[in-house]
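The sequence and the coordinates are shown first, and the discussion follows.

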Amino acid sequence: TINEPHADKFTGTPRTDWLATTEYVRERFDKGKIWLADTRSLAEFRGEVSGYDYLLHRGRIPGALHVQDPDDKAHIYQDEDGRLKPRSEIAALWLAAGLKPATPGEQFEREVIFYCGNGWRSSLAFFYAYMLGYKNIRNYSDGWSDWSTKYSQDANEKGITPGWKQEASGN
């Protein structure tokens, strides 16, 4: 039997309450109402590398907590075969990093915003929080690249992003 694909109409409702934009993070990050959960490598978190061959700026969002890298070779979030680690292990990891539940499996003491460089790694951490039942969570998919960098078109730019100039965003 050959399965022939066919077009179908998808309808869905975007969950904007799960999304954090740069503006949303900027308005809240230094007011003690959120925790920023950095899911990048320790070297990225420390500012030793940017983590991306196309990104000049290094560092982290001030006050961020390092909750490990879901996509590294240490297999912290996944087993070697790609299966997800038990949720209890990830909950313990987060507690050790400073993400404290107000009501386990329902609310953290503060809203938690997961981020990485561009949303890939943070989406797995967000998924774990969702599977653990937490409601006050968001994913900042633009992450470090948008927080740290302002891009502007520049035909004369020949660096790591030809045609685009990178400048510190001022965040």
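Which residues of the largest nonpolar core touch the most other members?

The model is a predicted one. Its largest nonpolar core has 19 residues, and those that touch the most other members are Tyr77, Trp94, Leu99, Phe108, Val112, Phe114 and Ile137. Strand S1 (34-38), helix H3, strand S5 (111-115) and helix H4 (120-131) each contribute at least two residues to this core. Helix H4 provides the largest share, with five residues.

Leaving aside residues up to four places away in sequence, Phe108 is in contact with Trp35, Trp94, Leu99, Lys100, Pro101, Ala102, Tyr134, Asn136 and Ile137.

## Overall architecture

The protein chain contains five helices and eight strands. Read from the N terminus, these elements follow the order α-β-α-β-α-β-β-β-α-β-α-β-β. The C-alpha trace spans about 55 × 50 × 35 Å along its principal axes.

Of the 171 residues in the chain, 36% count as buried. Where contacts join residues at least 6 apart in sequence, 64% of them connect residues at least 24 apart.

## Helix H4

Helix H4 is made up of twelve residues, and the distance from its first C-alpha to its last is 17 Å, close to the 16 Å expected at 1.5 Å a residue. Its buried residues are Arg121, Ser122, Leu124, Ala125, Phe126, Tyr128 and Ala129. An α-helix has 3.6 residues a turn, so residues three or four places apart point the same way.

The buried residues of H4 pack against helix H2, helix H3, strand S5 and strand S6 (137-140). After the helix comes Gly133, which has a positive phi, near 95°.

## Aromatic and cation-ring arrangements

Nine aromatic pairs are present in the structure. In one of them, the ring centres of Trp18 and Phe126 lie 5.5 Å apart and the planes meet at 65°, so the pair is edge-to-face. Because Trp18 belongs to the segment before helix H1 (22-28) and Phe126 to helix H4, this pair ties together parts that are 108 residues apart in sequence. Trp18 is partly exposed, at 26% relative accessibility, whereas Phe126 is buried, with a relative accessible area of 10%. A further pair is formed by Tyr115 and Tyr140, whose ring centres are 6.4 Å apart and whose planes are at 55°, so this pair is classed as tilted. Tyr115 in strand S5 and Tyr140 in strand S6 are 25 residues apart, and their pairing links distant parts of the chain. Both tyrosines, Tyr115 and Tyr140, are buried.

One aromatic cluster comprises Trp94, Phe108, Phe114 and Tyr134. Two arginines are also placed over rings: the charged end of Arg28 sits over Tyr24, 3.5 Å from the ring centre, and Arg60 lies over the face of Phe45 at 4.2 Å from the ring centre.

Is Thr39 buried or exposed? Thr39 is located in the loop between strand S1 and helix H2 (42-46). Its relative accessible area is 0%, and because buried means under 20%, Thr39 counts as buried. The Thr39 side chain reaches the backbone nitrogen of Ser122 at 3.3 Å. Beyond residues up to four places away in sequence, Thr39 touches Val67, Gln68, Asp69, Pro70, Phe114, Tyr115, Cys116, Arg121, Ser122 and Ala125.

Asp79 is placed in the loop between strand S2 (65-66) and helix H3 (87-97). With 26% relative accessibility, Asp79 is partly exposed. Leaving out residues up to four places away in sequence, Asp79 makes contact with Leu84 and Lys85. The C-alpha atoms of Asp79 and Glu109 are 29 Å apart in space, while the two residues are 30 apart in sequence.

Note on methods:
Residues numbered from 1 in each chain as written. Predicted model: local features only at pLDDT ≥ 70, side-chain atom pairs only at ≥ 80, totals over all residues. Heavy atoms only, no water. Helix = DSSP H or I, 4+ residues; strand = E, 2+ residues; numbered from the N terminus. Buried < 20%, exposed > 50% of the residue type's maximum accessible area, 1.4 Å probe, protein only. Contact = heavy atoms within 4.5 Å. Core = buried A, V, L, I, M, F, W, Y, C linked by side-chain atoms within 4.5 Å. Polar contact = N/O pair within 3.5 Å; in protein donor to acceptor, adjacent residues only side chain to side chain. Expected span 1.5 Å × (residues − 1). Phe/Tyr/Trp six-rings, centres within 6.5 Å; stacked < 30°, edge-to-face > 60°. Lys NZ or Arg CZ within 6 Å of the ring centre and 35° of its normal.
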